[in-house]
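Here is a short briefing for a reader new to this structure. Look over the sequence and the model first, then work through the points below.

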Amino acid sequence: VELTALKSGDVLKTNSTHSSVSIRHGTLASVIVSPSDVQLDVGDTQEFTVECKDAYDNVIDNYQLTWEIRESIGTISAGTFTAGTKAGSFNEAIVAIAKVGDVTVTGTASVTVNSQQLDTVSIMPVEIGAGEVKQLEYSAVDEYGNRVTGLTPIWSLKNEDVGSITHDGLLTAGKKAGNYSNVVEVKVKLGETEKRATARVVIVPGKIKQIGIAPESIALGMGMEQQYVAVTADEFGNRITDIGFTWSADSGAGVFSSDGVFKAGMTPGTYRDGIKVEATRNGTTLSATADITVEPDRIVYLSDEHDEGGDTLELYIIDADGTNKKQLTSFDDGSVCLLYTSPSPRDRTRSRMPSSA
């Protein structure tokens, strides 16, 4: 700063004086760590430096500095960082803490620790539906368990029944469900190191496409019971077992228990598609039907009316209302002998049953 004094008169006189001004930096505002982002291999070192500034970008030199690491990725001393065995990308993991007077400000840097060694490769067991497509994955790690990335895997199958696979691991399952041990293989290479791994492939039935019911058509007497069964399969015929069935019957035909036991009703007749079963899996429902005939009750009895007064009893059947009487046996045709035992041992009589009966 310069100050000049002037005196007027016949002769102008002046005089000057100078003074210096010192502008100091302002309050600490930022801490800049260099480099701000580094990539290192396991065990490598890196020197970090800092620059402290005020809000007007003036550099501050008189600061106190300490270093910290936010994650267990190595060690740091006086700004020298040594990478540990934990690989990965660690954002703002290096922390520089600067203090000027009563003000403390931090700065950070990010570190990526790479693994350059290939120790093992593995594949998880594969489960896939018959005929379905699935992208397979592998895991490669170094001796410290760090995942090794950036490799180019080569995939192959050892059994054609399993299906087919592309070199980049797109598996198309075969049609036959089954458990295939050690049939899928992956090979990876890093430098001169090559590793292989195999895994099991389990092909399970695909989507439900077929349903069957048995028996398909039967006749039952009123009140009689019949166990029905049903099976489901995918489009290739692989049976699906982890599924439940819902049974129903036409009104009058009879009723079902939850486990598929049908009890005929008391209304005789033939019920087309009178038996129905449904199965639902993964949102898809299929059904199948069967015919059922409920026959009227009949009475079977022994009588000597064919040989009245004789000692031969023949076997007859008749509807409950007394109609449709039929003689089932005939002693005279030389057919198989039938032994009928009455409550009294003395009343035993032999008759014959036709071989066609």
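A residue counts as buried under 20% relative accessible area, as exposed over 50%, and as partly exposed in between. Asn-182 has a relative accessible area of 45%, so Asn-182 is partly exposed. The model is predicted.

**Backbone features**

- Most residues other than glycine have a negative phi, and most peptide bonds are trans.
- Asn-182 has a positive phi, near 50 degrees, and is not a glycine. Asn-182 sits in strand β20, residues 178–190.
- Asp-273 is not a glycine either, and its phi is positive at about 55 degrees. Asp-273 belongs to strand β30. Its relative accessibility is 45%, so Asp-273 is partly exposed.
- Ser-34 and Pro-35 are joined by a cis peptide bond, with omega about -10 degrees. Pro-35 is in the loop between β3 and β4 (37–41).
- Ala-214 and Pro-215 are also joined by a cis peptide bond, with omega about -5 degrees. Pro-215 is in the loop between β22 (210–214) and β23 (217–221).

**Buried strand residues**

- Ile-275 lies in strand β30, residues 269–281. Ile-275 is buried because its relative accessibility is 0%.
- Which residues does Ile-275 contact, leaving aside neighbours within four places in sequence? They are Ile-213, Tyr-228, Ser-248, Ala-249, Phe-256, Phe-262, Ala-288, Thr-289, Ala-290 and Ile-292.
- The C-alpha atoms of Ile-275 and Glu-185 are 49 Å apart, and the two residues are 90 residues apart along the chain.
- Thr-112 is part of strand β12, residues 103–114. Its relative accessible area is 15%, so Thr-112 is buried.
- Beyond residues up to four places away in sequence, Thr-112 touches Val-38, Gln-39, Leu-40, Gly-88 and Ser-89.

**Salt bridges**

- Side chains of opposite charge can pair when their charged atoms come close.
- The model has 11 salt bridges, counting a side-chain nitrogen of Lys or Arg within 4 Å of a carboxyl oxygen of Asp or Glu.
- Glu-51 pairs with Lys-53, and their closest N and O atoms are 3.8 Å apart. Glu-51 is partly exposed at 34% relative accessible area. Lys-53 is buried at 14%.
- Glu-185 pairs with Arg-196, and their closest N and O atoms are 3.3 Å apart. Glu-185 is in strand β20 and Arg-196 in strand β21 (residues 193–204), so this pair ties together parts 11 residues apart in sequence. Glu-185 is buried at 14% relative accessible area. Arg-196 is partly exposed at 49%.
- Asp-319 and Arg-298 meet in a salt bridge, 3.4 Å from N to O. This pair links distant parts of the chain, 21 residues apart: Asp-319 in strand β33 (residues 314–319) and Arg-298 in strand β32 (residues 298–303). Asp-319 is buried at 9% relative accessibility. Arg-298 is partly exposed at 43%.

**Surface and pocket**

- Val-1, Val-21 and Ile-23 make a nonpolar surface patch of about 380 Å². Ile-23 is in the loop between β2 (13–18) and β3 (28–34). Its relative accessible area is 78%, so Ile-23 is exposed.
- The largest pocket holds about 190 Å³ of space. Its lining includes Ser-122, Met-124, Lys-134, Tyr-138 and Arg-147.
- Which strands each supply at least two residues of that lining? They are β13 (120–123), β15 (133–135) and β16 (138–141).

Key: Residues numbered from 1 in each chain as written. Predicted model: local features only at pLDDT ≥ 70, side-chain atom pairs only at ≥ 80, totals over all residues. Heavy atoms only, no water. Patch = residues over 30% accessible without salt bridge, like charges linked within 9 Å, V, L, I, M, F, W, Y side chains within 5 Å. Areas by Shrake-Rupley, 256 points an atom, 1.4 Å probe, with all protein chains shown as cover. Helix = DSSP H or I, 4+ residues; strand = E, 2+ residues; numbered from the N terminus. Buried < 20%, exposed > 50% of the residue type's maximum accessible area, 1.4 Å probe, protein only. Contact = heavy atoms within 4.5 Å. 1 Å grid on protein atoms, 1.4 Å probe; cavity = no way out; pocket = protein on both sides within 12 Å on 5 of 7 lines; lining within 4 Å. Points joined across faces, edges and corners; volume = space filled by probe spheres on them.
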